[in-house]
Amino acid sequence: MDSSKRKDSSNTVFADPNSENNDEGKEDLCPGFKDADAFVKYGLGAVLSATKASASLPQTGDEYDFYRSFPGFQEFCERQGDKLLQGMSQIMQHHGCRSHMRDRNKLTGLEERFDLVVDSNDVILERVGILLDEADGVNRSQQPVLPAGFQAPKIVVSSWNRKGSGSGSRSETFRLLHAKNIVRPQLKFREKVDNSNTPFVPKIFIKPNAVKPLPSYFTNKQIRRERPEDLDVPAALADFIHQQRTQEHVEDMFSHPYQYELDHFTLTESLLSKPQPLMYKPLDETKCSFIETLEDLVALNEKLCKLSEFAVDLEHHSYRSFLGLTCLMQISTRDEDFIIDTIELRGELYILNEAFTDPAIVKIFHGADSDMEWLQRDLGLYVVNLFDTHQASRALNLARHSLDHLLKHYCTVESDKRYQLADWRIRPLPEEMVQYARSDTHFLPYIYDCVREQLLDFNHGQPGLLQCVWNKSKDISLKKYMKPIFTEESYLELQRKQKRSFNTQQLTAFRLLFAWRDKLARQEDESTGFVLPTHMMNKISEEMPKEPQGIIACCNPVPPLVRQQVNELHLLVQQAREMPLLKAEIAAQKKKGLTPIKKADVTLFGPHDTSRVSESDLHNCSTDEMPIKQGMLFAEDEPKMDVDEENTSGLVAKAKITQFEEPETQNDPESLPVGQMKARRIIESFENPFRMYLPSNNVHISKNAKFDPSSKIFEISKRWKLQSIEQQQKELDAKKKAKEEKKELSKKVADERKKAKQSYQESLQNVPTVREQAAESVKPGTKRERVASDVGESTPKPSKKLLKSAEKPEKTEPPPPEPFKPFDYRKSDLKVFAGNKPTDNTQFDPNRQSNDFRKKKKPKGQKSNSGGGKSMSYMAGKSDRGFKHNWPKR
Ligand code: AMP
Ligand code: MN
Ligand code: ZN
């Protein structure tokens, strides 16, 4: 490209938003293509077909080896391989990266080549990032790292984010989806987000449509509001008091508030009979209202309560918040669309529970799994009588189950998923995003009709299949939100999922970084992916840089919090470096040509652990025979192992075969076939897992050291002793507790039943409805005061419709009022503060979310999905952005 041309094209890309005519020169940007879009499409097509082609190549192992025995195939592979390497080298050269991919003399093998590719990818992606930022109007070099949330949102319009190419008028433009400097909505929240490492407790404090009343824990505002930090005592004591006070409510705290109602929900005749599909109104003939005031919300609730069905969807943001934020709720009735600002009305949306939990009103969602959690977490909303069109699509065995597909199939509407991953925190919401959001629910009532009709037709008029969809939908509405809880093992779950092999030091680094990231993310209310993306965490753990600068070099681009706390991170990495390595790990490092990481002061180990060797031991046993070469990864020469092969063959396997190996070497009679080579390597890396329990014979530990309190070994063995005592104590306590729990439970159940009946009767007497309460709160100037929360143990009058389908509780006397009793500290077992475990171990356990939480120790990303195929996982790169969800395809 000559310079004049380049100037031209850059003009096109960063066109002045005011210039009317910026479509000129588009041909120059991508010669041979109509526009950038066409070019991108072509590119993606090429990538796709290349991926397909490579997937159909003979698999490594026997298949490949067999093909490889044909000279024609061999030659073809050589040629293609060379061509590929040449192409890669060219791209890398173009970007100014080290590029001797083909130069076999300069590289030792696959690993180095792989590193080269990774480095080059980093450079290229960084460049893409910078260019995107520039287009975004952000000049990185001039951007100071500002505290989050202190800049006004910046809106930049340029040629490529201008919608449509023909008109070019300003009204056609839309704002960038990726909004960098948005004011953090969390700052506005009246009730602060609770990122503490404690289980989620439902927000609900008033329960419309209740058959079983809300447990007193939720209605007793005094227990509820009492936060441990509000008590004027030391933090540990405050926590303890809080735990003691909430102990008796544990079961209530973690159960689904509408479990009873959902368990007793029965489908009416009309829901199982064949509907007459009611066509949707065209979008442009449908009224669409934006709801951002309490008055409007109350009016909407009134309207919804009169309907027999309406559709709901949510939009969510997860990158700049620890738990995630519900940003928008869309509701469509047969006649109207509503877009609700769930950021503005976050504290008020609970009033919709009146319609959402009314069993006589169908709530239509598409792929409601995440929505159920978000509703509970942010808005305190629950759904009784859910119909999930995604489940219907599955039951009907449609080709795909995305909303996209349903829209095409039933409404011949082509949807545009451009905004699915938009930053939904943007306010005011651009018109295009409003339109997108509303089309997510607008067609759902009609689709609901169509699928019900088909489900019945499919089954020759029998309701079985349709019933099945209702049941599946009910299961989804029974889902409970679980807060991500940090435990000592959390890092292992992530590490296991990644299938990366780390040595002891690397794994320690990973564990420490993981804990640092989790703590900071909670504290700053950012996603863990924002604090430190997993791939960067892997890289730091793998490389364990010696200098803080090395940590920065592992991150590209450097996350602001990493930059800010680089010294702390450096200390963590140093700490990891002090871990003793396993013998096999040292051997593996040597194989790679790396110096085992130096660890000066730990030369003694736990009395039972002989698997760990110090560096001095290593010198004794093998350094003489095995010279360690420094920094050979990027050495210009092939490393020469002038070592006696016989002595070291058990330890060092010289990489004889690589994917890029020359055929001549492979034919070398002395070298092993690939399969055997692999097997040998695997066997070499094995370590007897019980080795640590075997008697030591190669590590000498002086007796004095064992009993000298100043020695490291004394400290370690003491710690182990303490730990094992603690463990035994824990087990004992757990057993005791289980016994006690059983006894209490049967007693409790009987009491509970009695209480429920009583308080239901009470609730029937003259309690204001949610509507009345909401209306009440609108009247005076204090518009946003939560009036309803003051209605102690109240349950709104259940609707008449409901009573038909639900069991009628017996009439009993009203229960005596239960005044709040201050906690009697004398009852507490204060020994816990002296390091002893309390005898009665009903201590608060942060792992406990509910009874089934312990069973369900699955990481979030693996949550059960009522079937395969439905979901699309994040792409690797996106996976860090907040928590993993399995996203229903659109
Ligand atoms: P939807 O139900 O399709 O409107 O999606 C609701 C929210 O889920 C969106 O606002 C996104 O935050 C999130 N989401 C949907 N699909 C994906 C995806 N493929 N990857 C990440 N987030 C997604
Ligand atoms: Mn959705
Ligand atoms: Zn949506």
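Ring pairs tie Tyr64, Phe66, Tyr67, Phe70 and Phe73 together into one cluster. That's a handy place to start looking around this model, which is a predicted one. Across the structure there are 21 aromatic pairs, and a couple of them get a closer look below.

**Aromatic pairs around Phe387**

- Take Phe387 and Tyr448: their ring centres sit 5.0 Å apart and their planes are at 70 degrees, so this pair counts as edge-to-face, the label for planes over 60 degrees apart.
- The two partners come from distant parts of the chain, with Phe387 in strand S6 (residues 386-388) and Tyr448 in helix H19 (residues 444-458), 61 residues apart.
- Are these two buried or exposed? Phe387 is buried, with a relative accessible area of 0%, and Tyr448 is buried too, at 1%; the cut-off for that word is under 20%.
- Phe387 also pairs with Trp470, again edge-to-face, with 4.9 Å from centre to centre and 70 degrees between the planes.
- Trp470 belongs to helix H20 (residues 464-477) while Phe387 is in strand S6, so this pair ties together parts that are 83 residues apart in sequence.
- Like Phe387, Trp470 is buried.

**Helices H21 and H22**

- The crossing of H21 past H22 is right-handed.
- Which residues meet at this contact? From H21 come Ser490, Tyr491, Leu492, Leu494, Gln495 and Gln498, and from H22 come Leu507, Phe510, Arg511, Phe514 and Arg517.
- Sort the residues of this contact by type and you get six nonpolar, three polar and two charged.

**Val123 in helix H6**

- Val123 is found in helix H6 (residues 110-135).
- Its relative accessibility is 31%, so Val123 counts as partly exposed, the class between buried (under 20%) and exposed (over 50%).
- Leaving out residues up to four places away in sequence, Val123 touches His95 and Cys97.
- Cys97 is 26 residues from Val123 along the chain, yet their C-alpha atoms are separated by 7.8 Å.

**Cis peptide bonds**

- Arg427 and Pro428 are joined by a cis peptide bond, with omega at about -10 degrees.
- Pro428 is in the loop between helix H17 (403-411) and helix H18 (431-442).
- Another cis bond runs from Asn556 to Pro557, with omega near 0 degrees.
- Look for Pro557 in the loop between helix H25 (548-554) and helix H26 (560-564).

**Positive phi without glycine**

- Asn209 isn't a glycine, but its phi is positive, at about 55 degrees.
- You'll find Asn209 in the loop between H6 and helix H7 (216-219), and its relative accessible area of 6% makes it buried.
- His460, also a residue other than glycine, has a positive phi near 55 degrees.
- His460 lies in the loop between H19 and H20, and at 73% relative accessibility His460 counts as exposed.

Definitions and conventions. Residues numbered from 1 in each chain as written. Chains lettered and ligands numbered in written order. Predicted model: local features only at pLDDT ≥ 70, side-chain atom pairs only at ≥ 80, totals over all residues. Heavy atoms only, no water. Left-handed = near helix turned anticlockwise from the far one by under 90°. Helix = DSSP H or I, 4+ residues; strand = E, 2+ residues; numbered from the N terminus. Contact = heavy atoms within 4.5 Å. Nonpolar A, V, L, I, M, F, W, Y, C, P; charged D, E, K, R; others polar. Phe/Tyr/Trp six-rings, centres within 6.5 Å; stacked < 30°, edge-to-face > 60°. Buried < 20%, exposed > 50% of the residue type's maximum accessible area, 1.4 Å probe, protein only.
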